[in-house]
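Have the model open while you read.

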Amino acid sequence: MNSSSNTKTLLFWLSLVFLGILLWKLVSANGDRARGDEPSYSEFIAKVDAGDIKEVVFYLSPNSYEVQGEYARPANRKFHLTVPKEAAPTLMGQLREKGVPIKVTGIRSGDWVPILLNAAPLILLVGFCLFLMRQMQSRGRAALGRLGTTRSGIGYDLHRLEEGRPLIVGGIELPFHKGPVGHSDGDVLAHAVCDALLGAAGLGDIGTHFPDSDPKWKGANSLLFLEHAKKLLEEKKLAIEHVDAVVILEKPKLGPHFPKMREALAKSLGVPVEKIHLKAKTNEGVDAVGRGEAIAAHAVATLVSR
Ligand code: MG
């Protein structure tokens, strides 16, 4: 848990503590009030006239005064009442006439209930917002956990082209007078995709699993490599999310053959065709690929853990 999360947790619990203290103070304040007399205004004036008031404190508020004090008779008996603001000057005059000590003050010292009453909504709002944020964060983390981890891998391959060899790209044989030289069928697209998948899974490369020194793979259909890679991914509970590849070849044009290539690749990998995306480029006559002496492919594979 990071420091920001710790702070939110602390504020959340502090807001709850504030709420608890506020409720406690309100209850205890009501208890204190219940222990004293609560005379009506006329009853209190009668007590003033009779000289039964020992001392009085006026607490100011916007529209009224709260009057608290102690009786002279009966002794040690407290009282409190609320008087309208406009009645306060007259009352104070009567008390002074009787020689009753008067104290006028604002918010009662030590009585922070009014402060809390004003601040409580804000405190509670902040606490509630933090609580919601925490809930959303935990749900977001749970959702991400369900989605699993995403991993990407890159693959590249190049094969020389020679006269009279079959040109196989993406598992499809194309009509052309040249084809790749290789231990297997030399399918650069399948090889690049296989490397991208193995790389994303952290399983090495195509040479690790299908060494060209092994006679078993001589002339092999490279789609078998993809089928094997798919099994390795399943063992690691990894699913193919997307494959994007580009084949670089001067001739022939590959675009018309892409639908069949995508079907073949998707079938070997056990995924919908929509998860396989192919592009074609020439090398603008530059280098071996541009002179028609080689074919190359790049691929990027995205996997998700299940
Ligand atoms: Mg290769």
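What follows covers the ground rules, then the helix, then the core.

## Ground rules

This is a predicted model, so to speak of local features pLDDT must be at least 70, side-chain atom pairs count only at pLDDT 80 or more, and totals for chains, interfaces and linings use all residues. Residue numbers start from 1 along each chain as its sequence is written.

## Two faces of H7

Let's start with H7, residues 223–235 (helices are DSSP runs of H or I, at least four residues; strands are runs of E, at least two; both are numbered from the N terminus). On H7, Leu223, Phe225, Leu226, Ala229 and Leu233 are buried (20 or more other C-beta atoms within 10 Å of a residue's own; exposed is 12 or fewer, partly exposed is in between, and C-beta atoms are placed from the backbone). They sit on the same side of H7, because they cover an arc of only 145° around the axis (taken from the directions from the helix axis to the C-beta atoms). Over on the other side, Lys231, Glu234 and Glu235 are exposed.

The largest nonpolar core holds 46 residues, and Leu189, Val193 and Leu197 have the most contacts inside it (a core is a set of buried Ala, Val, Leu, Ile, Met, Phe, Trp, Tyr and Cys residues joined through C-beta atoms within 7 Å). H5 gives the largest share of this core, 11 residues.

Note on methods:
Axes fitted to C-alpha atoms, helices over the stretch in contact; angles between N-to-C directions.
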